[in-house]
Amino acid sequence: MSTSGIAPVSASFPGRSEVRRPAPRAWMLLTLLLAVVALASLALGAVSVPPSALVGSLLKALGLEAGQTLSPAQEAVLLSIRLPRVVLGVMVGAVLATCGAALQALFRNPLVEPGLLGTSSGAALGAVAAIVLDVALDARLGGLRALAVPVSAFVGALGATLLAQRLGRGEGRTETARILLAGVAVSAGASAGIGLLTQLATDAQLRSITFWSWGSLGGASWEVVAVAAAPLTVALVLLLREARALNLLLLGEREAWHLGVDVERLKRRLILAAALGVGAAVSATGIIGFVGLLVPALLRLALGPDHRRLLGASALLGASLLVAADLVARTAAVPAELPVGALTSVLGVPVFIGLLARRRTV
Amino acid sequence: MSLSANGVEVWRGRGRTLGPVDLVLQPGEVLAVVGPNGAGKSTLLSALAGELRLGAGDVLLEGLPLDRWQPRERARRLAVLPQESSLGFSFTALEVALLGRSPHARRRESGADLEAAYVALEATDTRHLASRPYPTLSGGEKQRVQLARVLAQLSAPLEQGHRYLLLDEPTASLDLAHQHLILEAAGRFAREGGAVLAVLHDLNLAARHAHRLALLAGGRVVEQGTPEQVLRPDLIAETFGLDVVIAEWPGVPGPWVLPARRTDLSS
């Protein structure tokens, strides 16, 4: 049945090539890019790790005969510093870019981004609150203390996103100006909250608060990866599963409902998943802006808006972008380390301005 | 076998904006809903589409209340073309039509889905736009592609059940030729066993293409029946506040509604 259904179509409709097919080739290229960026990031830095020795050690670990291998010092740097940093960069970059793509579909607007929507600053407010109030909490929480920051970052992200969503909707439709203004308001509120909490903070707390405002992978360790891995992975999987529904959402909420989507539930799932992902990302690395704007915007130009292609590609490119930006951040001005969030913003702001300028209506 | 509104009322705050309305839409017919601005035409369409919380009454699709249907099952029977749809993302016209197939598709569209999308594009004279990005189309072209999307949504063998198509001012942004082309496509859909309800402003277009008219005023159905039964000068004067004559033109299907007074162009 299915084969007999296809044959006459290609015969009677020569424009079959008008359908953009799934993008395994784009995914393969992006996977390759990610592998190259990740290897470069493992190899380059204050302590140089030659790629040949890296490969040799990998082979040795697999029980194969190898020529050149790593020295114990190189191995220590690699395993306990660079590898967790790359792993965290991959996960956070993938989640930020995918959340960006999903939120853009939810708001039906390519200008939406976790940073602009207030999701990130809400998460940062939650994280900072947890740090500052830590004094009161640590004794009772015991082993759960490691989770206090991520959990309150999630709550902050969720609250901010819901608030922005409520404010951004006028008369049943969401408008760019309203969304951006709502995001500005929510972000300003969160910044004010962070400012007030800063006054209560001790010097040590202040140092870790500063870390949230510009974002950095410098805090990466296997402990951080362990705490963040589960929520980041869950958020990513939840979002990747909604590709088809997101496509329908682009038509409009009413249209999606008439095509059989339970829109209210879908919106709830999306906001929860985005808050989970962004909350976990911010609690691990601070605010890293514009990955969620930049990556889907570039990929839409190359692949079109279909989320069945876009979401997976966004995850791959977002991971590559963040790992690459982090590599630049820690090698460009040695021994100083540039804030990686500033680098992604330098790349993202011109794209945002370009998108804004091109959009005359809606 | 029908889509029916039974004693449907819609309230907004303390005011009743619609109803009580009884209306039955049956397979094989094109029903035009006409009436002055603010009569409740779009509200009636939204109520029949299941979008509104009803103050009273119910809407039955094939005898079952709309909210009892599985969303995807419902979507295979009932499709709605809104007055305007804003889609700012660069799907091609073909991809938009294919999105209409999603209640049928499993993970990916099959060859049959693709064929349904192409047939729908042909029916709305947008086949040549298939690979054009939707945001670059003109208002009328967008409207026709959206109609192709809902036609593709309801494209299924008749034995899988009757299908109901609700169109909210489908001709609003179309030129004269395409107004007729679109309503002819709706008529073809009805001849193939579908049911069409269209909100129309143009009484002559309604008379020409609909089997039945429902005249709405003040949230109620004032009259329903064939074009000849509904398009009466007294009813139109009463509901639209305009004096008209009903004319026949030899060789052209009518009736024709023409304003009776001459418009004064001099002042």
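Residues 1-16 of chain A have a pLDDT that stays under 50. For that stretch, the model, which is a predicted one, has 14 contacts beyond four places in sequence. Across chain A as a whole, pLDDT averages 83, and 87% of the residues score at least 70.

Let me stay with chain A and turn to helix H12, residues 243-251. Why can H12 of chain A be called largely enclosed by the rest of the structure? It is because 7 of its 9 residues are buried. These are A:Ala245, A:Leu246, A:Asn247, A:Leu248, A:Leu249, A:Leu250 and A:Leu251. Within chain A, the buried residues of H12 pack against helix H4 (72-106), helix H13 (253-258), helix H14 (263-285) and helix H16 (307-331). Their surroundings also include H3 of chain B. After H12(A) comes A:Gly252, which has a positive phi, near 130°.

That brings us to the interface. Here 26 residues of chain A are in contact with 31 residues of chain B. Which elements of chain B each supply at least two residues of the side that touches chain A? They are helix H2 (71-77), strand S6 (78-81), helix H3 (93-99) and helix H4 (111-123). H4(B) provides the largest share of that side, with 5 residues. Sorted by class, the side of chain B that touches chain A comprises 16 nonpolar, 10 polar and 5 charged residues.

I now move to the sheet of chain B. Its 6 strands form an open sheet with mixed pairing, in the order S6-S7-S8-S3-S9-S10. At the edges are S6 and strand S10 (220-225) of chain B, each of which pairs on one side only. From one strand to the next, the twist averages 15°.

Within this sheet, strand S3 (residues 30-34) and strand S8 (residues 195-199) of chain B run parallel and are joined by 4 bridges.

Helix H5 (residues 139-153) of chain B lies across S6 and S7 of chain B, and H5 runs at about 180° to S6(B).

Methods
Residues numbered from 1 in each chain as written. Chains lettered and ligands numbered in written order. Predicted model: local features only at pLDDT ≥ 70, side-chain atom pairs only at ≥ 80, totals over all residues. pLDDT = per-residue confidence, 0-100. Contact = placed C-beta atoms within 7 Å. Nonpolar A, V, L, I, M, F, W, Y, C, P; charged D, E, K, R; others polar. Pairing = 2+ DSSP bridges. Axes fitted to C-alpha atoms, helices over the stretch in contact; angles between N-to-C directions. Buried ≥ 20, exposed ≤ 12 C-beta atoms within 10 Å, placed from the backbone.
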